[in-house]
Amino acid sequence: MLGLDGLRGLAALYVVLFHCWLYTFPGYPDSSAPPWLEGLMFGRLAVVFFLVLSGFSLAISPARHGWRSGGFGQFLRRRAWRILPPYWAALAMSLIISWSVVPASHSGPPTGTSILVYGLVAQDMFTAPTPNGAFWSIGVEAELYLLFPLLLFIRRWWGAAVLVACVTLPVIARGLMATDASPVEGDNWLAPHLAPVFAAGLVGAGIVVASDRVQRLPWGWFAVLAALPVLALGVMQGSVWTVNHYFWIDLAIAPALTMLLAAVATGRPAILVRLLTTRPIQSLGSFSYSLYLIHLPIVMTVIRRLAPHFVSPGLPVFWFTLIVALTASVLGAWLFSKTFEIPFQRNRSWRSLIEVLPRGRRRTGAGLPR
């Protein structure tokens, strides 16, 4: 939908900047980075935005058809066809880099268990040395896709309020029962905690198909008003406190993100929509998934293997990484998407994909026909 791809692209770009910052300055969240770079330390919130956007985008079509999914099996097949081919290609690339260039984590290089767990997209349920630290969210999304038809069913029969209550109240109860009401998250089982932000996007899709009166409401301003208390709390408590309380921040920021998506999807504010639909940002959005998948091994290679030979630690490494890794990530993602993402968007089955490849080579010499 108009503008949403642009938002997706900017969020993916922010994640790249976050990882450039994260691996340059040790000690996260109380890192050695200059204070004026603290705005780059909230990569988790960009992933939360991806989950809200995923729920929002997936629910638009069902919202137009009485909140029906069109079949559980068909939905999962379409999601697998869209998500898995580029993910598996990025997994292979990440394994090679992690084994031969730079390990992806302090747990050591990936093992056979890593191949099994990450190949089955089960990293949110089982622990194994990661080949790519950005892959954690793909496991969460896969579990939320399995939950999506149930969420639609609840929305259709009992309404938005019941749906939000069903997924949010258990999370709040878990949080309140934790020590000091601040749960300590591990590397796994994040899907139950993040289900409310996915559901928030699903509920927000109803605005797109609501009456003109509802669509004309100032959703952009509503988003600002909803975000202000969260931002004010973060400013008062500080960045480190914010990162250590992501369990609650995720839930608190989800309504604002949902209303931002509703505003953009209904064409307001016009100046923001015009910005998001400019050619560079739309182009970035078109391969944002590829950018998210492959950027981290590139960033780590530049910081750990290239930068020490050319610049001194600290800010010089950060600037060097921005110039080299950011450029390589964007260009690499664009090329990667041409091979492993866009063909699967344009063709809905292996048969059509195989049939179109020879025609593409005859027409253009390489690649796919437009």
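**Note on helix packing and local backbone features**

1. Helix H6 (residues 160–177) packs against helix H11 (residues 246–265) at an angle of about 150 degrees, and their axes are 11 Å apart. That makes H6 roughly antiparallel to H11; angles over 145 degrees count as roughly antiparallel, under 35 as roughly parallel, 65 to 115 as roughly perpendicular and the rest as oblique. Axes here are lines fitted to C-alpha atoms, for helices over the stretch in contact, and angles run from 0 to 180 degrees between N-to-C directions. Helices (H or I, at least four residues) are DSSP runs, numbered from the N terminus.

2. This is a predicted model, in which local features need pLDDT of at least 70 and side-chain atom pairs count only at pLDDT 80 or more, while totals for chains, interfaces and linings use all residues. Residues are numbered from 1 along each chain as its sequence is written, and side-chain values use heavy atoms, with hydrogens and water left out.

3. H6 passes H11 in a left-handed crossing. A crossing is left-handed if the near helix is turned anticlockwise from the far one by less than a right angle, and right-handed if clockwise. On the H6 side the contact (heavy atoms within 4.5 Å) is made by Val171, Ile172, Arg174, Gly175 and Leu176, and on the H11 side by Phe247, Trp248 and Leu251. By class, the contact of H6 with H11 has six nonpolar, one polar and one charged residues. Ala, Val, Leu, Ile, Met, Phe, Trp, Tyr, Cys and Pro count as nonpolar, Asp, Glu, Lys and Arg as charged, and the others, Gly among them, as polar.

4. Helix H5 (residues 136–158) and helix H7 (residues 191–208) pack at about 55 degrees, with their axes 9 Å apart. H5 and H7 are therefore oblique to each other, and H5 passes H7 in a right-handed crossing. Residues of H5 including Trp136, Leu144 and Arg155 meet residues of H7 including Ala191, Phe198 and Leu202. The contact of H5 with H7 divides into 12 nonpolar, no polar and two charged residues.

5. In helix H4 (residues 112–119), Ser114, Val117, Tyr118 and Gly119 are buried, that is, under 20% relative accessible area with a 1.4 Å probe and protein chains only. Their cover includes helix H3 (72–100). At the start of H4, a side-chain oxygen of Thr111 reaches to within 3.3 Å of the backbone nitrogen of Thr113.

6. Val121, in the loop between H4 and H5, has a positive phi near 55 degrees and is not a glycine. Val121 counts as buried, at 10% relative accessibility. Trp189, in the loop between H6 and H7, also has a positive phi, of about 55 degrees. Most residues other than glycine have a negative phi, and most peptide bonds are trans.

7. The bond from Tyr28 to Pro29 is cis, with omega near 5 degrees, and Pro29 lies in the loop between H1 and helix H2 (43–64). The bond from Arg268 to Pro269 is also cis, with omega near -10 degrees; Pro269 is in the loop between H11 and helix H12 (270–276).

8. Val15, in helix H1 (residues 4–24), is buried at 2% relative accessible area. Its C-alpha atom is 9.4 Å from that of Leu291, 276 residues apart along the chain. Not counting residues up to four places away in sequence, Val15 touches Gly43, Ala46, Phe50, Tyr292 and His295.

Terms used: Helices (H or I, at least four residues) and strands (E, at least two) are DSSP runs, numbered from the N terminus. Buried means under 20% relative accessible area, exposed over 50%, partly exposed in between (1.4 Å probe, protein chains only). A polar contact is a pair of N or O atoms within 3.5 Å; within protein, one must be able to donate a hydrogen and the other to accept it, and residues adjacent in sequence count only if both atoms are side-chain atoms.
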